[in-house]
Amino acid sequence: MLSEGSSFMKGMVMGGLFCLVLSLMGSFSPISDYKTDNHHHHHVKAASKEELSRRFSDSQVQGLNNQIRVYCVIMVQPKNLIYWATVIETWSKHCDKAEFYTSESSKALEAIDLKEKDDWARLRKALKHAYENAGDLRWFFVAQPTTFAIIENLKYLILTKDPNEPFYLGKTMKSGELDYVAYDSGIVLSYEALKRLINVFQDEDKCPEKGRALWKLSEDKQLAVCLKYTGVFAENGEDAHGKGLFNSRTVDSLIADSIKDNPNDVVEGCCSDLAVTFSGMSPNQMHVMMFGVYRLRPYGHDFHDSLAFYPPEGSDND
Amino acid sequence: MRTTTITFSIGLMAGFVLLHTALNSLPATKMPSVLLRGVNQRGGVQPDPKAGANVHSAGNVPQTGRILCWIMTAPKNLETRTRHVRETWAKHCFKALYMSSAKTEFPTVGLNVSEGRGNLYWKTILALQHIHQHHLDEADWFLKADDDTYVIMENLNYVLSKHDPERPLYFGRRFAPFVSQGYMSGGAGYVLSKGALRRFIEGFTTGKCTHFSPIEDMALGKCMETMKVEPGDSRDVMGRQTFHPFPPEYYLVPQLPRPRPWFLNYEYYKPVEGPGCCSDFAVSFHYISAAQMYVLEYLTYHLRPHGYKHRFNPDDDKASGPVALPPAALG
């Protein structure tokens, strides 16, 4: 009995050590020869109005305004056809380029058919296609059809950021040692980040197409692992007050929590005025959201924004 | 010997799984930093000074023209509903009165009436008599709302600002049945001018208006017609409705052309489904839960697309969008 007990204990210790070794190997990042990865910023903040006027002249801001253009990479599947159609009819109209990438083709809606069932492999293909077809667009926004995005606020967040620097933004989450950007609240990649990613796709050791053999990571974590090898790290998108701009939940859900947590200041305690994404809304809620975000407002409240974005052509719900 | 190998293997697996679970739930700081090259420590976030946009904090809400808001409520709703009205849109009222069957520290006005659908018109009559007696000179317009109505006071002010409050006028969501000039939906909220309020009171003192039905919005509408109070058209210059007797999702979701749904049956003006239903400067929505009040407050006053130049700018010299049609053509 005693010898069995001690052999069990020995086994446990060996098993534990084995796991530790594997984990350390998994998270060990090779020395990168990119000079820019020494800034350990963890959050990216939207510039405040004061900061903008301090750093830039009006015409410079106007220049930035015109240069910032976003390529939306929207990952769809025929099984969420209604959401897919709703995204086409709502927020994606505000992308400079909105491309829909599907796992299989649908007779009802057009998309780029990647003919790929594996989620991670499909995402890789989509990103590769986006990179190759970027034209002069330098920012990429990856979303699912259950996400609702306000592209103008995304542009405001990245206004003063250089797309030739690696940026990988959204709502950051932690999984053990890994910081990653959550998929459902949208993933923002600068041109440089995407370029590095496409390069590391060729490295089957660091960024295998079929994911790590031991346990399958979700695509958003896979993305973070691959990017980390290239010296690109997840950063949380926030407003000037530190409020997160990318939300994995609906407005209703976040407000419900705020009613419990901040009963005297529900709206202030909830969400940012500059929120970029919400997730989990029904298609009908997305239609209401278009009205609530782009149209509904109190008469007489004028904001003297430094930026100017115009309504898209041929649209009647914004 | 064999059993020890088995127990060893079990121990091996157990140790592996245990440590794997433990590692995944540990915060990052536990691992030595040389092995975590580039993994960031969560730093403190410095709050920056507020961005330049208009900010409305609790005590500092911009007031509108002199519109007195009176909200129909009941003792049992104060904590669950009325409190949230007070926290949200009622702050934008020049003056807000909460009409109930009991006087409380909320504060509520105690009217001499019991609660219940059967007494709604009595409650309205008593409320208007109270307002006429105590508050007539304090305001130019008198808005009635329920405790599940959400109102955007700035937009109500915009609708009313073109009209003379001394004239007998009344605004809201116009319904067609029962009263030949139409009547205004109670749930969507309706507004009486000072002139209209005087006529309503006069109607009851002279006996021209009576309590002939408990259906308060229809009965009040009948009294308005009797007393020659003019029902206004509250739609915007593009013919879009501002007062809404149901929540936004009833109207805004695009539909294929279809027979009129039940909730649009009473409409005086030809209803539109989809984005053309509702004005950018919407005034009210009804059947709004407490949580939804905060959602609407957030969407109306806080969340916005930074820098967006709205399509609908009625004050611009150039018309942006189709030229406004005269109301008759839209009816």
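Which residues in α9(A) and α8(B) meet? A few notes on that and other spots follow.

1. Ground rules before the details. This is a predicted model, where local features need pLDDT of at least 70, side-chain atom pairs count only at pLDDT 80 or more, and totals for chains, interfaces and linings use all residues. Residues are numbered from 1 along each chain as its sequence is written, chains are lettered from A and ligands numbered from 1 in the order in which they are written, and side-chain values use heavy atoms, with hydrogens and water left out.

2. To the opening question: on the α9(A) side you have A:Val251, A:Asp252, A:Ile255 and A:Ile259, and they meet B:Ala291, B:Gln292, B:Tyr294, B:Val295 and B:Tyr298 of α8(B). Contact here means heavy atoms within 4.5 Å. Sorted by class, that contact has seven nonpolar, one polar and one charged residues. The classes are nonpolar for Ala, Val, Leu, Ile, Met, Phe, Trp, Tyr, Cys and Pro, charged for Asp, Glu, Lys and Arg, and polar for the others, Gly among them.

3. Now the geometry of that pair. Helix α9 (residues 251-261) of chain A and helix α8 (residues 290-302) of chain B have axes that come within 9 Å and cross at roughly 115°. That makes α9(A) roughly perpendicular to α8(B), and the crossing is right-handed. Angles of 65 to 115 degrees count as roughly perpendicular, under 35 as roughly parallel, over 145 as roughly antiparallel and the rest as oblique. Helices are DSSP runs (H or I, at least four residues), strands likewise (E, at least two), numbered from the N terminus. Axes are lines fitted to C-alpha atoms, for helices over the stretch in contact, with angles from 0 to 180 degrees between N-to-C directions.

4. Within chain A, α5(A) packs against helix α7 (residues 191-200) at about 125°, axes 10 Å apart. The two are therefore oblique to each other, and their crossing is left-handed. A:Leu127, A:Lys128 and A:Tyr131 of α5(A) make the contact with A:Tyr191, A:Leu194, A:Lys195, A:Leu197 and A:Ile198 of α7(A). The class count there is six nonpolar, no polar and two charged residues.

5. Chain B has a pair to look at too: α3(B) and helix α5 (residues 194-206) pack at about 115°, with axes 10 Å apart, in a left-handed crossing. From α3(B), B:Tyr121, B:Ile125, B:Leu128, B:Gln129, B:Ile131 and B:His132 meet B:Leu197, B:Arg198, B:Phe200, B:Ile201 and B:Phe204 in α5(B). That contact has eight nonpolar, two polar and one charged residues.

6. Helix α3 of chain B (residues 120-135) passes a length check: its 16 residues should span 22 Å at 1.5 Å a residue, and the end C-alpha atoms are 21 Å apart, which agrees. The expected span is 1.5 Å times one less than the number of residues.

7. B:Phe106 and B:Pro107 are joined by a cis peptide bond, omega about 15°, and B:Pro107 sits in the loop between β2 (95-100) and β3 (109-110) of chain B.

8. Two non-glycine residues have positive phi. A:Lys115 is near 50°, in the loop between β4 (112-113) and α5 (119-132) of chain A, and is exposed at 67% relative accessible area. B:Phe178 is near 70°, in the loop between β7 (174-175) and β8 (183-184) of chain B, and is exposed at 58%. Exposed means over 50%, with partly exposed between that and buried.

Technical notes. Left-handed = near helix turned anticlockwise from the far one by under 90°. Buried < 20%, exposed > 50% of the residue type's maximum accessible area, 1.4 Å probe, protein only.
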